[in-house]
Amino acid sequence: MNIQTLRIAVSQLLALPRWLPKARRSRTAKARRVVLTFVLLTLAANVVLSIGMDTFWASLRDAEYGARRVKLQARVAANPERPLAVVLGSSRTDFGIRPLAAECGPLVCNVSEAGSGPLLQLLTLRRLLHDGAKPKELIVEYWPPFLAAKPGYNEECRLDPHRYLASDEAFIREYLSDPDETLRLMREVRRTPFWNHRLRLLSRVLPSWLKYDQRMDGNTRVDAAGWLPGPVMPADRARSVQLASNYYIPGLRDYAIDPKAERALRELIATAQEMGARVTLVWMPESSEFRSWYPAETEAEAWRFLHSIEQETGVRVIIARDWLPDTVFPDSFHMTPDASIGFTQRLFSYFP
Amino acid sequence: MAWGSDTLYFRTLHAWLPEPFFQTQGFLVFCAFVLTVYWTLPRRWNNARVMLLVVASLHFYAAWNAGLALLVLGTSLADYLLARWLEAANRGRRLILLLSIAMNLGVLAYFKYRGFFLNELHDLTTAMGLPASYDKLDLAKLLIPFGISFYTFEAISYAVDVYRRKIQAERSLPHFLLFILFFPHLVAGPIVRAGDFLRQAQRIKRWNWLRVQVGIQLCLIGVFKKFVIADRMAVFCDPVFADPAAHNTNTVWLAVLAYSLRIYADFSGYSDMALGVAHLFGYKLTVNFNMPYLASNVSDFWRRWHISLSTWLRDYVFIPLGGSRGGELATARNLMIVMGVGGLWHGAQWTYLLWGVYHGLLLVGHRLFARLVHIQHPLWTLASTAITFVAVSLGWVLFRPEWDKCLAMIERLFAIAPGATLPLHHRSLWWTVVLLFTCWLAASRWRVLWERLPAPVLGVLLAALLGVAQVMAPNADTMFIYFTF
């Protein structure tokens, strides 16, 4: 192709719109139609997205829950004869319990979510039941740091109002300290869904355009049973451990169980038992460094609470705190993907 | 908080519109409300409409700071009275003009430049071994009224035009107040001229769908430029400009490119929004940008960049100084003075003055070069456009208040240095450049497209533009750069 041909091609491309027919209506009538189409379409798009994110696109509003619900429904549909076991917990169970790596009696699905303590566990259970899941077994993480009552460390401060679905209103009214403010925020988020969920939407279509701390596409790596690969061992493990200690050591001082966390845990157990599901509380592995960060009185309080729950409700308790060596914890409390295989095999031996 | 802000009324207003910015939900509600009332008023009640806009504009400003809204109102009243006096007076007109200019510049100097001058005086006296009788001021804590540089220049140009008998002093106080306070241009321009604006204020306005379409289109283009281009570029340039010494040379060059695009998209996006909002009320403001980075020399650049400021400086500083009538040396002097004033207009810092001087030198250099070299070739035009872009982009390095960071940037730009890279892969930066080019193509070469596309398709495109702009915005809290001026 010579320069002349290229020039002709470019000039034809630039002149492309001239091929379009001229408008037949008057300019004012056309402008009116443009404006009305724009206004109506913008309103409609916002309404549809807002309602859709509470119903058929719920995984857009809460991608963490949505991704796992989809996997669970697919897994249940493929194995309708097996009883369902659901894992509820934080990133520790998310990275640690890998159902496809081990065989066990029930069909295990991991529905863990980052930062989840009893409040989010209960909310997840309610959502699952609302969505038609019928678990026969619940494997629930028990982790004292996420039961803390201390301001700044309690679970409520980790809950993101952008993620609440319309069906979560009862939970919000029952468990949050300022439900009216949360409901107001929910309404605000729903008024401008494109703007308020832009990071979620962009994470879906162009995740590489977002900075690491803005990305919300981690759930795309979730496997068919809901397991998410955890962190690999960093070059500077000591720094990661230091960062973890900076956060958790102050949180474990002057420790008390949050009454709302206790109430949520009891409700979760009661709900499961009412529908005939067995509940197992698992204290997931921690490195020796992390275990050393518990002050004696905190440790005592955590054990006292666990025993009282065990005795009062009859749930099964598995203490897996020291099952793994320190070398598999990149940051002292999350295990590596390789370690999750052995850990899951050992854990599933309790679920024949 | 200043006067009046503690009343329930202003507290509620402040909660709705905490800052006088366009890209907020609060502004959308405010604008929709004012528009509804405005167009509901019968068109023969033009004065009522003007008064409504004055009241709305005052509320727009007072929602941020009621005390400073009162200050703007006070100086505007004084400008109105002084201009009436100026027109009526047969003797001492120059004195009245000087009084008007002194008042406006005095208020500007007090709020914007006092910290700078007092601190420089403090440093000077300390360096001379004399005891300073006051502590240095923390410039970051000084409250500067939003838009003070813009409305001060508008008021000065009005007084000068009345003095020159180019226009008559406005009889109607609401019309004059609207000229200064009209909220679309109050905070960051464009700098409007009384001759243009007051004529429009007097004209009875009819609802016009074409105008509404143009207004909405301009608003959406502005929103797109701000959220999709400027805020994305901020992701790349802000961390580097904040700590240039920590970044490597390649990264610093990319950050300079990103800042060039950012400041253009940010300011022209704001100007588009201002023009669009004004159109919705039936007003046409001065166009502020005309593809400045396609300028083939720096003189051409200043005919395309911040046009309302550059024409103001030309008409009220350059030409009164003698313009280009007094030979090359006098012209060079005038250019340096004008660009120095232009630099200082942006901020009370040596770096802004230096930026102005840098552009002054570029202009003088271009004049000399243009006398010596006459080349007419497409490749030369392309090369000179690229050279102008690089020269202007390097100038933006100085367009920041921190002197030490400017030096660190310059050092990093011209010495191969190791260091950190961009916080995000630069793929999206280049895609944004491609997008910018496509937008330019769509806006300039494919204008006929907008005229010939069917109305529903155009409506869908506009809705998509808004949707994409919202979703692509990387940050929620990036302010317009020119609001700080």
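Start in chain A with strand E1 (residues 84–88) and strand E2(A): the two run parallel and are joined by four bridges. The model you have open is a predicted one.

**Stop 1: the strand pair in chain A**

Select residues 107–110 of chain A to bring up E2(A). Leu107(A) and Cys109(A) point one way from the strand. Val108(A) and Asn110(A) point the other way. Both pairs are buried.

**Stop 2: chain A as a whole**

Zoom out to chain A. Its secondary structure comes to 15 helices and five strands. Its C-alpha atoms fill a box of roughly 80 × 50 × 45 Å along the principal axes. Of the 352 residues in chain A, 38% are buried. Take the contacts in chain A with a separation of 6 or more: 77% of them join residues 24 or more positions apart.

**Stop 3: a covered helix**

Select residues 198–205 of chain A, helix H10. Is this helix mostly covered or mostly open? H10(A) is mostly covered, with six of its eight residues buried. The buried ones are Arg198(A), Leu199(A), Arg200(A), Leu201(A), Leu202(A) and Ser203(A). Show what they pack against: in chain A, helix H3 (58–61), helix H4 (63–78) and helix H9 (193–196). H20 of chain B also packs against them.

**Stop 4: where the chains touch**

Follow H20(B) across to chain B. Here 33 residues of chain B are in contact with 30 residues of chain A. On the chain B side, four helices each supply at least two residues: H10 (209–242), H18 (427–445), H19 (447–452) and H20 (455–472). Which helix gives the largest share of that side? H20(B) does, with 12 residues. Colour the chain B side by residue type and you get 22 nonpolar, seven polar and four charged.

**Stop 5: a helix crossing in chain B**

Finish with helix H11 (residues 249–280) and helix H16 (residues 378–396) of chain B. Their axes lie 9 Å apart and meet at an angle of about 90°. That angle makes H11(B) roughly perpendicular to H16(B). On H11(B), show Val256(B), Leu257(B), Tyr259(B), Ser260(B) and Ile263(B). On H16(B), show Val392(B), Ser393(B), Leu394(B) and Trp396(B). These residues make the contact. Seven of the contact residues are nonpolar, two are polar and none is charged.

Terms used. Residues are numbered from 1 along each chain as its sequence is written. Chains are lettered from A and ligands numbered from 1 in the order in which they are written. This is a predicted model: local features need pLDDT of at least 70, side-chain atom pairs count only at pLDDT 80 or more; totals for chains, interfaces and linings use all residues. A residue is buried if 20 or more other C-beta atoms lie within 10 Å of its own, exposed if 12 or fewer, and partly exposed in between; C-beta atoms are placed from the backbone. Two strands pair if DSSP finds at least two bridges between them. Axes are lines fitted to C-alpha atoms, for helices over the stretch in contact, and angles run from 0 to 180 degrees between N-to-C directions. Angles under 35 degrees count as roughly parallel, over 145 as roughly antiparallel, 65 to 115 as roughly perpendicular and the rest as oblique. Two residues are in contact if their C-beta atoms, placed from the backbone, lie within 7 Å. Ala, Val, Leu, Ile, Met, Phe, Trp, Tyr, Cys and Pro count as nonpolar, Asp, Glu, Lys and Arg as charged, and the others, Gly among them, as polar.
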